[in-house]
Amino acid sequence: MIDNILTTLIFFPLLAAFVIFLFFRSGKATMWAAFVASVIELIMTMPLMFNFNKGTAAMQFVEKVDWIPAFGIQYHLGVDGISVLMIFLTTLLTAIAILGSFTYIQKRRREFYLAMLVLETGMVGVFLALDFFLFYIFWEAMLIPMYLIIGVWGGPRRIYAAVKFFLYTLAGSLLMMLAIIALYFKHGAITGVYTFDILQIASVTYPAEFQIFVFLAFFLGFAIKVPMFPFHTWLPDAHVEAPTAGSVILAGVLLKMGTYGFLRFCLPITPIASIKFVPLIATLSVIAIIYGALVAMVQEDIKKLVAYSSVSHMGFVTLGIYAFNPAGIEGGILQMFNHGIITGALFLLVGLIYERTHTRIINEYGGIAVKVPVFATFFLIFTMASIALPSMGGFIGEFLVLVGSFQAFSDYAIVAAIGVIFAAVYMLWMYQRVFFHKLNPKWEKLLDVNVREVIYMAPLIILVFWVGLYPETFTSYMHESVANLVENIQAVKVALK
Amino acid sequence: MGQSIIAIMPEVLMTFFAIGLLVIDLVASDEKKSGIAYFGIAFILITLLLTIPVGGFKIVGFDGMLVWDSYAYAFFVVFSIAFILGSLGAVDYMKRLGINKGEYYIILFLSIIGMLFMVSATDLSILYLGMETMALSMYIIAGFNKWNMRSNESGIKYFIIGAFSSAIFLFGLSYVYGYTGSTRYAEIAQMISANGLDHLSLKLGMVMMLAGLAFKISAVPFHMWAPDVYSGAPTPATGFMTVAPKAAAFGALIRFIWVALEPATASWQLFFAILAVLTMTYGNLVAIAQNNVKRMLAYSAISHAGYMLIGVVAANDLGYQAIALYMIIYGFMNIGAFTILSQMKNKGVIEDERLESFAGLSKSNPLTALAMLLFMFSLAGIPPLAGFIGKFYIFAAAIKSNFVWLAIVGVLNSAVGCYYYMRVTIFMYFKEPEYEVENNLQPAGAIVTFIATVFVILIGVFPTFFVNLVKNMVI
């Protein structure tokens, strides 16, 4: 199994969905079967994590088969230090999101869990594909189940949110498709080999003007996904309207694909353009950090607040990546991981309380800490993690990003640091209004978390402290890959001077 | 002489089989008319097997009037797909409307003979004959539901405008003949490369001929017949008409401009680039406003013609391969969608084409809704479905020829176009039904839907077989 572990990881959820579709008729059975499948998938990620060779920047567990030879398209998979954590994050969050939906999803349960499994195939595929064509297929195919998850099981404005999410992402990725085709022909013209192989395409230096065209097309696709300011307007709608599991996956995994795209494609393939556009990206990142935080501050809906906080936190990731130094990029990747855990957990907690109260408006709460002490503790942990309290995951990520960006462009780093303070303001203020003050008599009979909810929160709590106290476990995966990436781009930088 | 017979063999075989179908029609009782569709399918499959071109196959017949080659064969595959799915998908519909007559399937079958002449013609007179054979059959098919006013209107409208466009084509042809002294593609090309294109009558003739062909592929501004004809014709017939005749017109157009107008490539590239932009944009923008699914698909057919025109503009080998592949894929997804549409009905209404009729379909008929969802996303060009492969190929052709701006217009159009396909899925999945939906696919319709779904997924994931089919084409 270890030989084809990546293929197994990609297609196991799809296969599971198909088997479940054929043999399980009731919603309840499907629900459990899907959960078991997602846990098996998570367990299958473990051999990948343990057998991963941390001493090399090369692709590992590579699988390569001709797929459409007429166009040099291969079924090419591999994992390196940049993607390995994302795989773990994806399988973990999918299992948790499925478990977290057991009572939340009441209608058409069967279809919901099948959609989740199909979605997982797409997400894992995106992080593992090393062929542009394959990558693009997973990248887009994933939109269909997500569109259905938002549109069928979402809130009151779900149709608007689903369509907006779909069209926004599609518009960005279509231009990316043109850039991919252009790269294919350019690479063919330079080397004589026509291939969609990402590694081969990245091994050639392209003319600066061409790089700028490709970069801009990629940038649009990824910036919409991250989302960077000013392409973020789909995010609050999609996050707020999506069911809890949808929000968790959106925030936890889908947003990471944008930043992953920057790391995997923009930096290696278009280094000259990347260097040229640093001021633009750093500016947009800083705007996202400050703007996201300010808008989060005035939100009345907890879920919307968490959604805008995502914009702010993802700003740190892009800022770190474009610092082009090990601290910045490692911080960025770690922050991707952290943000997945923390924001995922916050969305789960918001969904959990919403199931009991059917409201997310901050002012309708108040003083519930006395009624739901365990829930309040959970929420406090992730509030603190989100505002980057030392000893928690968020701190390490943001700290590394700030260190890295301070070396590269100190002005931006100073403004970004202010964003950390804002985060404390909006998160703590929200926490205070929801959990403290006088108890709103409406919530006299509010029930605390049950065993199932503790089970799915527990791994997230463990991870958030683990990253905070001993980040080396996670950063050790990326050292080599990041060092290699930094080395290459610094060499281009020196050559440009 | 022997070679000429082989070159024309597909048409000869098809004609024999058509006569066979007429005979079967005589002996078949009224309830058994569907059998003609099944026989037709068997006959076309036999012809398809007997005429497979082997390795670089190219047979020139009748002193260069027509050829049978892998290029014509690829288009024959498109016609066969359209016929098989289109006639099988029509069976239930025709029965329900009480017009299940043998002629329907026979005329569809005959129209394919005309189409075969069109794509294998290397002489303008053969091209014209093929075009008329096809067009006359299509006029009858469009008006086949003779008790329905819209179908009548469709037939008449198609006939008048079609005749008009044929006349323009013929008039242009006379100019070209007058100037070059020949109707053979190769000789026209020789004349043009020797004497240039700088002659008013030649230019006028060319433009009129290209306009005549543009009518057949419903390119804007020669499209005005399409929405009414497509939405008036019996639904399964529309599915067929948006695929096969269009493929034939594309096949003929490409061979004509590729061979005869090869020396003047740059000038017709501009002509078709303008048509492509207009066609895509117009089709997509108007389709958004439609609340009738059939009419929406009619405008979508116009926009797809626009995408395929990008392949014409590219004027490289990828371009015409892309068009043939796109037509194959379009055949599966579009006829699949029309088959499902043709079976929408509810109390008192035998044909329900409104968008609202799809509301809640995912609950009452989950599998039908899933198939329709796949067709819609495939038409929108979302991977891993077949439609994406077609679009990808088209855009690759454009970029290869440095028509990046056209590719950008194309993808922006795809994004816009995605919206109206999504509207169908919104109704099927996100909305509650307003009334009891009835869409119990009848056996034949279910088979068509199943075949189309399988191919839409299969070509999307493993396109190699069809990619090789079009890669082997030589003109």
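In chain A, 24 residues of domain 1 touch 24 residues of domain 2. The model is a predicted one, and the domains in question span residues 1-205 for domain 1 and 277-497 for domain 2. Taken over C-alpha atoms, the centres of domain 1 and domain 2 of chain A lie 24 Å apart.

Strand 1 (residues 60-68) and strand 2 (residues 73-79) of chain A run antiparallel and are joined by six bridges. Together the two strands make a hairpin with four residues between them. In that turn sits G72(A), with a positive phi of about 65°.

Over in chain B, a pair of helices is worth a look. Two packed helices are described by the angle between their axes and the distance between the axes. For helix 9 (residues 200-216) and helix 12 (residues 244-260) of chain B, the axes come within 9 Å and cross at roughly 155°. Angles over 145 degrees count as roughly antiparallel, so helix 9 and helix 12 of chain B are roughly antiparallel to each other. The crossing of helix 9 past helix 12 in chain B is left-handed. On the helix 9 side, the contact comes from M206(B), M209(B), L210(B), L213(B) and K216(B). Helix 12 of chain B answers with A249(B), L253(B), F256(B) and I257(B). Sorted by class, this contact has eight nonpolar residues, one charged residue and no polar ones.

That leaves the backbone. Most residues other than glycine have a negative phi, and most peptide bonds are trans. Against that background, a few spots stand out. In chain A, V226(A) and P227(A) are joined by a cis peptide bond with omega of about -15°. P227(A) belongs to the loop between helix 9 (208-225) and helix 10 (234-241) of chain A. Chain B has a cis peptide bond between V220(B) and P221(B), with omega of about 5°. P221(B) lies in the loop between helix 9 and helix 10 (226-232) of chain B. As for phi, H358(A) is not a glycine, yet its phi is positive, at about 60°. H358(A) is found in the loop that runs between helix 15 (326-357) and helix 16 (373-386) of chain A.

Technical notes: Residues numbered from 1 in each chain as written. Chains lettered and ligands numbered in written order. Predicted model: local features only at pLDDT ≥ 70, side-chain atom pairs only at ≥ 80, totals over all residues. Heavy atoms only, no water. Pairing = 2+ DSSP bridges. Axes fitted to C-alpha atoms, helices over the stretch in contact; angles between N-to-C directions. Parallel < 35°, antiparallel > 145°, perpendicular 65-115°, else oblique. Left-handed = near helix turned anticlockwise from the far one by under 90°. Contact = heavy atoms within 4.5 Å. Nonpolar A, V, L, I, M, F, W, Y, C, P; charged D, E, K, R; others polar. Domains from an automatic or database assignment.
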